[in-house]
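Here is a short walk through one protein chain. Keep the sequence and the 3D view side by side as you read.

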Amino acid sequence: MKTATVLIIEDEQILQDVYSLILGSKGYTVAVAENGAEGLTKMRAVKPDLILLDVLMPVMDGKEFLKNFDASEFPYTKIIAYTNLSDRQTQQEMVELGAMECVLKSSMTPEDLLNLVGQVLETGHKHKNRP
Amino acid sequence: MPKMKSTTKPMASQFKSRVGFLMGGGDMARRIEQFPWSDNRLGPLQSWQPYLKHAISFILNSPLRTVLLVGDDGIMIYNDAYAAFAGERDTDLLGSQVADGLPEAADFHRQVLKAVLAGKTVTYVDQQLKSYRRATDQEMWMDLNYSPVLDDGGMPFAVVGVVLEATNRIVAESRRSTTETALQAERQRLHDLFMRAPGGIAIVTGPDLRFQLVNKPFQQLLGAGRNLAGQALLDAVSDLDPKLIEMIRRVSFQGERFEAHELPVTLDWDSDGSLKTKYLDFICEPYMENNQPNGLIAYIYDMTQQVKSRKEVEDQNRVLEMLAGGSSFETTLDFLIRTIEMQSSDGILGSILLMSDDGTSLQHGSGPSLPASYLRAIDGIAVGPKVGSCGTAAYRKQPVFVSDIASDPLWTDFRELAAAHSLKACWSTPIFGSDKQVLGTFALYYRDVHRPTAEDKHSIEFVTRTAALIIEHSKAEDLLRQSEERFRFMAETLPLKIFTADAGGKITYFNPQWSEFTGKSMKVLMRDGVRMFMHPEDAQSSMQTWMAALKTGTPLQNEQRLLRHDGQYRRHVSFARPMRDNNGRIISWFGSMTDIEDVLQTVVQKEKLEIMTAGLKEQRAQLVALNNAKDEFITLSSHQLRTPATAVKQYIHLVLGGHFGALTPAQLRSLTIAYESNERQLNIINDLLKTAQIDSNRYTLKKQNLSIVEVLRDAIAEMQSSLRLKGQVVSFDPPRGLPKLLADRSDLNLVFINLLENASKYSYPNSAIEVIVTKKPKALEIAIIDEGVGIEKQHGRRIFEKFTRIDNELSDTVSGTGLGLYWVKRILALHGGSIKVISEPKLGSRFIVSLPL
């Protein structure tokens, strides 16, 4: 069975590295984009099954990415927003814009992350707001 | 004739003519000398009359575009400036008849020649002409001036025509340009001024300054009686001011140019033995012969009328300023009369009589120089067909000029009176108001027999016009005075308390509203004054303000409370304003007091409220902005702090999980401490951020109907594992049928988790914790009761403040940021609820939460 591909859209290199390491260790194919704009560009080539999407990023942030993301072109791609912004509004907004979950990065252990990614991929749901 | 190329070179030229009158005449002088005149109607050069030669010399020396049209057929002779203007056409023009040379303008020139040779001066303003200066025709706006040139016999023999670029254009262009061109334009304007209107031009030459050429306006200006042509200047104008003679000599023999604007020149202008002053614009340019000054060309323009008109306007302005400044009617009329008396050299005496209201007689108005006994005698004379000059003028509505009182039938009844006061002539003119009614008469008396000149009539016209203004102004003031009578009527119907006082402040009038308000009779009011009714706290300052106003004469505005008949003090706003007479003296005060109590209760209060609200709003907006900035800062900095801690957490967790190989027990212990320490840091960041969020005005509650019992059960369940660790038990037995709350579930959860956590943390192991819910009329009360260390009284309040951690025997074992109770208090406040604590050290604490229903 082909392993799932995860696109990490994240501007902090230390987090890019550690999440690549964690996901790679469980056999996921990992690609990295520096920001939302680069994420949109890389979508075609990478065709990810899942996107780990940061919120605060330069050039194009997570919210703008979701607004520009064409769900009809990638109906099977799931998105998990993860951020170190813990305010309710941000989390709510990301979910409203189409992320399946919005989690607080700092609260997640590597196990938590792997569990979440596994669960989301398993549920098999399409993009949340665009059936 | 050889074709000559015209140049734009001005007067100075290399060409030296052998012919006297052409010397120094530039390119045109040469062309005139070389022209085959023998074939021309004017005949050979040598045969020309001196006056023609002088005229030519004059135009050749002029910087203006000038053409001479000689004789009925207008043979054209012109100067360099004109040649440049004519451009290509120039080659055929010299010596030609103007109708042939400029056929397109033949009719025009025929008319000009006819009029000017008959002695007239003709001016055309803003004529559109074609200039042939360049290859293409160029449309130009020109002013044209044609005046006659006289021969020895004083008859016009030629027309001198000057072409000027239209003044408006020049001025407009010069404004755009530099100061220098503006100056040039001003000079041009001066030239233009006298060229446009009939200006006088004369040339005098030689050591005795003999008149060589005089145009008609010049002759007229100096008086028809003087013989000028061919005469020496000092013989012809022997009464000339020595200073002017000196100037003329300097121009004529030292080559200085002289220019004066509105120069007063006093001469016997009319040759009737009387000296008069005329104001002249004056330009004298040296007349060059053999490059040496030997005489002058004088341009003169009579500005007398303009100067006089302007002076009149100035006089009138002064009179109007007097009126505006509050001068009395009589003072202003006297001033006007004195002005006209001083300007006359004939010793005139002015008088103004005013029409009575019924229009049948004339009353004294002004006569500052006439004898008082005379003024008394004519005061009240009838308006009629034979009542001296004034009564008759008012009757006829026309000026009456009596130049000899002794013989005039109009004065039959007053002849002796006039004789007794040595008055010989009297001219009277009606003063008309703006609607043509006769306001009065203005008369000029003379002590000798006198006939009016045009100038006198002009002065009279000015005085009557100005007097009309003064009289009408005064009538308007009378109307004002009448309106004061209407004031009482108004005063008695207006809903405000009105008083008047004399200049010293003594009350002269109270309107009936005062009696109504105070309940006192008018008699009592007049005796006791307003002070009696003032609030004791206001009385002194009000009276001081009133006294100060009386002293300085400035209007007063004040506020004070006045006692109403029912014993209520009501706030009033008071105004007082002085009324002045024509001399500006205060004659009375007018005051009003308005009851504003009701208004203050409603409108003013509303306004004040609005002002206060606006102030608060602004203040609030500033605070909000500040707060938002702060929140933003905390949110973002927390985010930044979390990122490295997150990376640390991930890596240590991977290492601890054996991802990078097995660990020794020491490595495991150390890394576990590192991990926990990192977790604590993240908790602190979380707490700070939570605080910032709760403090933020953007913090919103997601309210829903919920059961307090459910909320409390969930919180207790969540705490169960940690409680169990300390062997603590929570007892919770809520009553049934409690109403639902409208509240934010997760926030209430946070509240009770915190309270339960504290109850647990600050209690001994195995102690009991009780949660009690009580329904109050408008609220639910939830008590969380522990058997813990309790709180010292002095800390009671502080525990709800940020970062407060109280030292007690258990605090060392407890971790925390000291923010929990702060959140609790804030969240409850956001719900409209509250929290209080009752505590006994060592016995326990009871936190009581109240949530509104």
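Two strands pair if DSSP finds at least two bridges between them. With that in hand, look at one such pair. In strand β16 of chain B, B:Val438 is the bridge partner of B:Phe432. Bear in mind that this is a predicted model.

Stay with β16(B), which covers residues 438-446. Strand β15 of chain B, residues 425-432, is joined to β16(B) by 8 bridges. The two run antiparallel. They form a hairpin, with 5 residues between them. In that turn sits B:Lys436, whose phi is positive, at about 70°.

β16(B) has another partner. Strand β11 of chain B, residues 349-355, is joined to β16(B) by 6 bridges. This pair is antiparallel too. Here B:Ser351 stands opposite B:Ala443.

Is β16(B) mostly covered or mostly open? It is mostly covered: 9 of its 9 residues are buried. In a regular strand the side chains alternate between the two faces of the sheet.

Now step back to the whole chain. Chain B has 853 residues, and 47% of them count as buried. Its secondary structure comprises 25 helices and 28 strands. Consider the contacts in chain B with a separation of 6 or more: residues 24 or more positions apart account for 56% of them. The chain exposes about 44,100 Å², of which carbon and sulfur atoms supply 53%.

Next, the interior. In soluble globular proteins, nonpolar side chains tend to be buried together. The largest nonpolar core in this model holds 54 residues. Which of them touch the most other members? They are B:Ile32, B:Leu68, B:Ile77 and B:Tyr82. Helix α2 of chain B, residues 50-60, gives the largest share of this core, 7 residues.

Zoom in on B:Tyr82. Leaving aside neighbours within four places in sequence, B:Tyr82 is in contact with B:Arg65, B:Thr66, B:Val67, B:Met76, B:Leu93, B:Leu102 and B:Val163.

Finish at a helix. B:Asp538 lies in helix α20 of chain B, residues 536-552. Why does B:Asp538 count as buried? Its relative accessible area is 12%, and buried means under 20%. Not counting residues up to four places away in sequence, B:Asp538 touches B:Gln560 and B:Arg561. A polar atom of the B:Asp538 side chain lies 2.8 Å from the backbone nitrogen of B:Arg561.

Key
Residues numbered from 1 in each chain as written. Chains lettered and ligands numbered in written order. Predicted model: local features only at pLDDT ≥ 70, side-chain atom pairs only at ≥ 80, totals over all residues. Heavy atoms only, no water. Helix = DSSP H or I, 4+ residues; strand = E, 2+ residues; numbered from the N terminus. Buried < 20%, exposed > 50% of the residue type's maximum accessible area, 1.4 Å probe, protein only. Contact = heavy atoms within 4.5 Å. Areas by Shrake-Rupley, 256 points an atom, 1.4 Å probe, with all protein chains shown as cover. Polar contact = N/O pair within 3.5 Å; in protein donor to acceptor, adjacent residues only side chain to side chain. Core = buried A, V, L, I, M, F, W, Y, C linked by side-chain atoms within 4.5 Å.
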